[in-house]
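Please keep the sequence and the structure in view while reading the points below.

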Amino acid sequence: MSLHKILCSPCQRETLEVGATKHCRTCKDPEPFCDVCAQHHTRLKETKEHEISDDLQQLAVIAEKHR
């Protein structure tokens, strides 16, 4: 999968097509995030301690699972 085709899952649920650049290394079932959604993820009380990664290889694997 080409990295420029990986879309942010939360944005897609809102019918937006925003490229994903990050994912959460802490979540059991991580999903691709854009920069804004990744920032929001770490602002929530339940996920504020989660580790966000910009590992593009792992992001491609995660994106494939969420297709």
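Helices, of at least four residues, and strands, of at least two, are DSSP runs that are numbered from the N terminus. The model is a predicted one, and the points below begin with its confidence before turning to particular residues.

**Confidence**
- The protein chain has an average pLDDT of 90, and 94% of the residues score at least 70.
- Among the elements of the chain, the highest mean pLDDT, 97, belongs to helix H2 (residues 35-41), whereas the lowest, 83, belongs to helix H3 (residues 56-65).

**Salt bridges**
- With a salt bridge taken as a side-chain nitrogen of Lys or Arg within 4 Å of a carboxyl oxygen of Asp or Glu, the count comes to three.
- One of them joins the side chains of Glu-31 and Arg-13, with a distance of 3.0 Å from N to O. Because Glu-31 lies in the loop between strand E1 (23-24) and H2, while Arg-13 lies in helix H1 (residues 9-13), this pair ties together parts that are 18 residues apart in sequence.
- Another salt bridge is formed by the side chains of Asp-35 and Lys-22, at 3.6 Å from N to O. Since Asp-35 lies in helix H2 and Lys-22 in the loop between H1 and E1, the pair ties together parts that are 13 residues apart in sequence.
- Asp-35 is partly exposed, with a relative accessible area of 47%, and Lys-22 is partly exposed as well, with a relative accessible area of 23%.
- Arg-25 forms a salt bridge with Glu-51, and the closest N and O atoms of this pair are 3.5 Å apart. Arg-25 lies in the loop between E1 and H2 and Glu-51 in the loop between H2 and strand E2 (52-53), so the pair ties together parts that are 26 residues apart in sequence.
- Arg-25 counts as exposed at 54% relative accessibility, whereas Glu-51 is partly exposed, with a relative accessible area of 43%.

**Lys-22 and His-23**
- Lys-22 and Asp-54 are 32 residues apart in sequence, yet their C-alpha atoms are 4.5 Å apart in space.
- When neighbours within four places in sequence are left aside, the residues in contact with Lys-22 include Glu-31, Pro-32, Phe-33, Asp-35 and Asp-54.
- His-23 lies in strand E1, and at 3% relative accessibility this residue counts as buried, because buried means under 20%.
- With neighbours within four places in sequence again left aside, His-23 is in contact with residues that include Glu-31, Glu-51, Gln-58, Leu-59 and Ile-62.

**The nonpolar core**
- Which residues make up the largest nonpolar core? This core has seven residues, namely Cys-8, Cys-11, Cys-24, Phe-33, Cys-34, Cys-37 and Ala-38.
- Cys-24, one of the residues of that core, touches Pro-30, Phe-33, His-41, His-50, Glu-51 and Ile-52, not counting residues up to four places away in sequence.

Notes. Residues numbered from 1 in each chain as written. Predicted model: local features only at pLDDT ≥ 70, side-chain atom pairs only at ≥ 80, totals over all residues. Heavy atoms only, no water. pLDDT = per-residue confidence, 0-100. Buried < 20%, exposed > 50% of the residue type's maximum accessible area, 1.4 Å probe, protein only. Contact = heavy atoms within 4.5 Å. Core = buried A, V, L, I, M, F, W, Y, C linked by side-chain atoms within 4.5 Å.
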